[in-house]
Structure formats: structure tokens, C-alpha cells
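Please read this briefing alongside the sequence and the coordinates.

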Protein chains: 2
Amino acid sequence: MNSIETVAIIGGGVIGGGWAARLIENHIDVRVFDPAPDAKDKFDAVLANADRAYAGLTDAPRGSKGSVTWHDTAAQAAQGAQLIIESVPERPDIKRAVYAEIETTAADDAIITSSTSGIMPSDLQAEMTHPERLMVAHPFNPVYLLPLVELVAGTQTDNKYIEWGKTFFADIGMHPLHCRVEIAGFLSDRLQEALWREALWLLHDKVATADEIDAAIAYGPGLRWAQMGTMQTFHLAGGEGGMRAMLAMFGPCLEWPWTKLMDVPELTDDFVNEVGDQCEKQAAGLNPRELERIRDDNLIAIQRALKGNDWGAGKTLARYEAKMGRAANDD
Amino acid sequence: MNSIETVAIIGGGVIGGGWAARLIENHIDVRVFDPAPDAKDKFDAVLANADRAYAGLTDAPRGSKGSVTWHDTAAQAAQGAQLIIESVPERPDIKRAVYAEIETTAADDAIITSSTSGIMPSDLQAEMTHPERLMVAHPFNPVYLLPLVELVAGTQTDNKYIEWGKTFFADIGMHPLHCRVEIAGFLSDRLQEALWREALWLLHDKVATADEIDAAIAYGPGLRWAQMGTMQTFHLAGGEGGMRAMLAMFGPCLEWPWTKLMDVPELTDDFVNEVGDQCEKQAAGLNPRELERIRDDNLIAIQRALKGNDWGAGKTLARYEAKMGRAANDD
């Protein structure tokens with residue numbers, strides 16, 4: 001398959017901007033389309049955050065970034081791109097209209113990925129001229145710092161594009177995870193939403209505040225989850241007996257009637273306002289930009305820390321730096 | 001309240017050993033009772049892990065450790081201790097028998113904490129002579145490294161002991177979290193189990209393997225959760241609209257019928273063996289001791305990293321080092 005030299009970014013914003021930042025950092029040119037009046041300001045803010053983040057993430061020489069050009073239509077942006085990344089609003093009709101327009105100018109074998117978190121690729125590709133090159137590549141915010149990207153094929157997707165994705169996204173510092181079954185929420189969001197649902201119940205029943213819920217994660221299991229997922233964490237907790245011992249010991253507890261996971265609290269205005277107020281209070285006067293800087297500094301530090309132990313996200317960073325070293329030698 | 005100079009550790013093992021390791025590191029003497037034949041070997045292994053961990057966690061001078069002595073009965077171990085930490089098996093009858101024995105020798109105002117994850121303090125204290133000094137102090141494995149400890153009062157617990165706990169556990173490098181409602185699973189385990197339940201469904205339905213589930217956490221949201229819990233993460237993801245915007249956008253999705261959280265997969269032998277096999281494969285030939293060393297190295301590195309940004313578990317570490325600095329000056 002052709003190497004990727006130019007990528008069309010259809011839809012800026014936090015996700016599209018994050019993709020663009022990672023791509024230009026990897027010396028790939030991007031062609032952007034986003035019709036919103038403040039699109040370029042938001043996009044440039046993401047790029048500035050990312051530039052700062054990459055400067056902190058690695059001591060390796062970064063070389064020069066790829067170029068950024070803005071275009072008046074999605075079709076124009078897609079011209080000459082080997083890869084087109086769509087990150088427009090989560091509306092199937094909007095996305096399908098974008099693909100129809102892109103397909104008027106894109107090469108037949110240009111790869112089109114959607115950043116969608118909630119719409120199935122089989123739905124997205126249904127009316128396309130060349131549906132086989134459409135797949136989901138679902139990233140996580142901030143896209144320029146978090147390695148995870150879920151790859152999901154639709155029923156008409158040619159598997160060679162999934163295989164391409166496993167190599168390409170790894171090359172730009174990510175950890176591609178093939179979600180082999182087309183399922184709502186894919187993998188990561190399903191797991192996150194299970195936890196979020198329980199958190200909403202704790203808030204609803206006034207068992208805990210947002211601050212207390214977050215402390216229950218960030219000072220305990222959250223630290224573990226930055227380097228080892230829930231399965232391996234519990235397997236290790238079972239000692240010599242491993243996961244089998246954990247399931248024997250705690251399996252019955254999972255079925256206790258006390259679990260509130262049977263349904264979802266009603267999102268009344270009062271409840272939503274209460275939760276919103278608590279989250280604002282948590283932010284303790286810091287605005288989103290300031291919180292983003294803190295978050296990014298922490299994510300940088302954590303990944304550098306894990307790199308020292310050749311583990312988890314530290315491995316994606318090490319592989320990325322090795323590739324950068326080679327690229328700097330080629331310059 | 002009296003300062004804590006001597007702590008009785010009733011029940012060694014991973015949790016009791018972890019408590020002992022943290023206490024002696026903080027120059028507090030421990031008196032241990034555990035009747036199991038291999039108790040001392042397991043205990044000493046935890047202490048060795050902890051010693052290695054603390055050496056890596058901080059560059060501050062560590063001073064000398066508190067002493068460790070072994071005793072033939074729980075009553076003997078409890079003599080002269082200002083605090084008694086119970087970490088015996090999760091059986092209410094066993095725990096109550098231990099408290100009855102302890103109360104024959106313990107000072108009336110010696111504090112008794114249980115490390116239980118599943119039994120309510122009101123149940124534990126029901127038959128005690130002095131129930132008011134019994135509370136839950138629920139730690140997280142590895143106890144010598146993870147800061148979180150949940151404090152839970154029973155109906156008869158005097159609140160002054162909860163207030164004592166907020167100071168004492170912070171002084172030994174932890175983040176005490178008062179779980180203000182006596183609820184099964186407290187806070188952290190409820191949240192973890194929600195995620196684990198969804199993971200078990202994904203395995204049961206063969207949507208993903210243990211390895212894929214863990215990657216979906218460790219390369220994405222897990223990194224975020226090491227420094228910011230789910231509430232603040234989603235609040236930040238909502239940008240200027242914050243959590244309110246997130247609930248508006250994703251609230252309806254939480255109710256979609258596709259969620260499998262309505263019940264729990266049946267834990268048949270076949271299913272348990274399949275899950276166990278996958279977890280063993282994940283471990284890739286590393287035995288539990290090796291995995292523990294890797295885990296500890298990562299947790300050390302993450303906490304040191306967060307300390308640089310004055311955040312999350314980095315703050316507990318900084319506070320701990322400040323206190324150690326003062327202690328070293330007093331030596």
C-alpha cells in the first residue's frame with residue numbers, strides 16, 4: 001500500500017486537531033476542512049498544546065513538522081490525500097454526506113477513517129462507491145498524547161486496511177487495538193461507561209461527591225490501570241491462584257442484589273445541575289485550558305516514567321523515539 | 001488522642017504484610033500474629049518487596065525502620081498497641097472472634113481497624129465491648145505503594161476515630177477517603193467491579209480477549225485515571241460546557257438496550273477456565289513475583305512523575321517526603 005504523505009482532516013476541533021498535531025509531528029502534511037467560523041482558532045489552540053506536549057514528552061530531536069493548509073470544501077481537502085480522517089459531528093447523515101463528497105475527488109484506494117465513538121462502520125459505509133476502504137479509527141482525547149486507537153471494520157471493509165492500520169498507527173506513536181466485533185461502544189468506551197454509570201448512581205443516591213468518586217480512582221486503582229488493565233490486575237491479586245481464585249472468591253459478590261447496575265438514574269435537570277456543580281467545584285477555579293495543561297503534563301510524565309520500565313504506554317513512546325531517531329538521521 | 005507508636009498486625013499475608021511494611025517504614029513498631037504455617041515467609045516477602053519499592057520511590061533519607069516481633073496469639077500481639085489492624089479472612093464470624101480475643105488485652109481506647117472489603121463495620125462491631133473504636137480502614141494492593149485507604153464508620157463508631165484516621169493515614173503517606181455511607185463495596189471496589197463486570201461480558205460473548213480488554217484501558221483511559229478520575233475527565237472532555245454538556249450528549253446512550261450491565265454472566269467452569277487461561281497467557285511467562293516487581297517499578301515511576309507536577313498521588317508522596325525530612329532532622 002502507498003505510504004502516507006498527505007492526510008485530509010475533515011472536521012477540526014479537539015479530535016481533528018489532535019490527529020493533525022500527531023500527524024504533522026510525524027512529518028506528514030495535512031489538508032484541513034472545517035466550516036465552523038472559529039474552527040481555525042480552536043484547531044491552532046490544539047496544535048499549540050500538542051507542540052508543548054511533544055517538547056516535554058521526548059528529548060529526542062523532533063525535526064520539522066509537516067505542513068498545514070486549509071481548504072474550502074471537503075472534496076478539495078481530500079484531493080491528493082492517501083488517508084482521509086473524518087471527525088465531524090456524531091450524526092450518521094452528516095458523515096455519509098461527507099463521504100459522498102469526498103468520493104468525488106479522492107483516489108479509489110485512499111483510506112477513509114472515521115473517529116466516531118458511537119456509529120457503526122457498516123452504517124457509515126453503506127452508501128459509498130468504495131465502501132471497502134472505510135474503517136473506524138477511534139482515538140482518545142488528547143489524541144496527540146494518548147496512544148490508544150481502536151480499529152473497527154464494517155461488513156464491507158477489506159481486511160487489508162485493518163492490517164495497514166496496525167502498522168501505520170503504531171508508526172505514529174500509537175497502540176492500535178483491533179476491535180474484532182462491530183459492537184456499540186467498541187471496547188474502551190463500554191468499559192468507561194460501566195464505571196461512569198456506577199459513579200452516577202453514587203452521586204444520585206448521595207453516597208459520594210464527584211471529588212470523592214475521583215479520589216477513589218486516582219489514588220488507588222487508577223494508578224494501577226495506567227500500567228496494567230483490570231484483567232491482569234485481578235489475576236495478579238489472586239496470587240498463585242490467579243484469576244480463577246479471584247472469580248471463585250468474588251464471583252458471587254458480583255451477583256449481589258445491591259448492585260445498582262440494573263438500570264440508569266434518570267437524568268433530571270436537578271440531578272444534572274447537581275453533578276455539574278460538583279464537577280465545577282472540583283476544578284477549583286482552574287479553567288479548562290489550565291486543566292488541560294495539567295493533564296498533559298501528567299500524561300507526559302507518566303509515559304516517560306513507564307518508558308523507563310519498558311512497559312505499557314512507555315513502549316509506544318520508546319518505539320516512537322526509535323523511529324524519530326532514524327528519521328533525524330535521514331534528514 | 002495518643003500518638004501511634006506500636007501497631008498490632010492481626011493476619012499477615014499480602015494486606016497485613018503491606019500494612020506492616022508501610023508502618024515500619026514510618027518508624028512504627030509492629031507486633032504480628034498469623035497462625036498459618038507459611039505466614040512468616042509470605043510476610044517477609046512482602047516486606048522485601050516494600051523495602052525495594054521505598055528505595056526507588058524516594059531519594060529522601062529513609063532513617064531506620066520500626067521493629068517487627070511475632071506473637072503466639074492475637075491477644076498477646078494486641079498488648080500495648082495503640083492501633084490494631086485486622087486483616088484476617090473475609091468471614092464475619094472469624095473477624096468477630098478475633099475482636100473478642102483482642103478486647104481481653106487491648107486498652108479500651110486502642111483503635112481497631114478492619115481491612116475488610118466486603119463486610120460492614122456495623123456488623124463487625126455488633127458484639128464488641130467497645131464498639132465505638134472499631135472502623136474500617138480499607139487499603140489497596142500493594143498497600144506499601146498505593147495511597148488510597150477508605151475509612152468507614154459503623155453505626156456505633158465514634159466519629160473522633162474517623163477524624164483521627166484522616167490525620168494518621170495521611171501522615172504515613174496515604175490518601176484517606178471517608179466513605180460517609182455504609183454501603184457494600186464502599187466506593188472504589190464498586191467502581192472497579194462495574195468495569196470488571198463489563199469486561200466479563202466482553203469475554204463471555206467473545207467480543208474481546210483479556211489482553212485486548214486490558215489494552216483498551218492501559219493505553220487510553222487508564223493513563224488518564226492515574227491522575228484524574230472519571231468525573232473530572234469527562235467534565236474536561238465537555239470543554240466549556242463541562243459535565244453538563246457530556247450528560248446532554250451521552251446521557252441517552254447510557255440507557256441504550258445494548259448495555260449488558262443488566263445482569264452478570266454465569267460463572268460456569270468452562271467460562272472461568274477460559275478467562276483464567278487468557279490471563280495466564282497475558283502474563284507471558286512471568287510469574288507473580290516478577291509481575292509484582294514490574295508493577296511496583298511502574299507505580300513508583302508514576303508517583304515520582306506526578307510529584308514533579310504536584311498532582312494526585314504525587315502530592316501524597318511530596319507530603320510524605322516533607323515529613324520524612326523533618327523526621328531525619330529529629331534523629
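The points below are grouped by topic and describe a predicted model.

**The sheet in chain A**
- Chain A holds an open sheet of eight strands with mixed pairing, and the strands follow the order S3-S2-S1-S4-S5-S6-S7-S8.
- The edges of this sheet are formed by strand S3 (68-70) and strand S8 (175-178) of chain A, and because each of them has a single partner strand, one side of each is left without a neighbour in the sheet.
- On average, and with direction ignored, neighbouring strands of this sheet are turned by 25° against each other.

**One strand pair within the sheet**
- Strand S4 (residues 83-86) and strand S5 (residues 111-114), both of chain A, pair in the parallel sense over four bridges.
- Within S5(A), the residue that stands opposite A:Glu86 is A:Ser114.

**Helices lying across the strands**
- Helix H1 (residues 13-25) of chain A lies across several strands of chain A, among them strand S1 (6-10), strand S2 (29-33) and strand S7 (148-153), and the helix runs at about 165° to S1(A).

**How the chains are related**
- The same surface serves both copies, since 98% of the contact residues of chain A recur in chain B.

Notes:
Residues are numbered from 1 along each chain as its sequence is written. Chains are lettered from A and ligands numbered from 1 in the order in which they are written. This is a predicted model: local features need pLDDT of at least 70, side-chain atom pairs count only at pLDDT 80 or more; totals for chains, interfaces and linings use all residues. Side-chain values use heavy atoms; hydrogens and water are left out. Two strands pair if DSSP finds at least two bridges between them. Helices (H or I, at least four residues) and strands (E, at least two) are DSSP runs, numbered from the N terminus. Axes are lines fitted to C-alpha atoms, for helices over the stretch in contact, and angles run from 0 to 180 degrees between N-to-C directions. Contact means heavy atoms within 4.5 Å.
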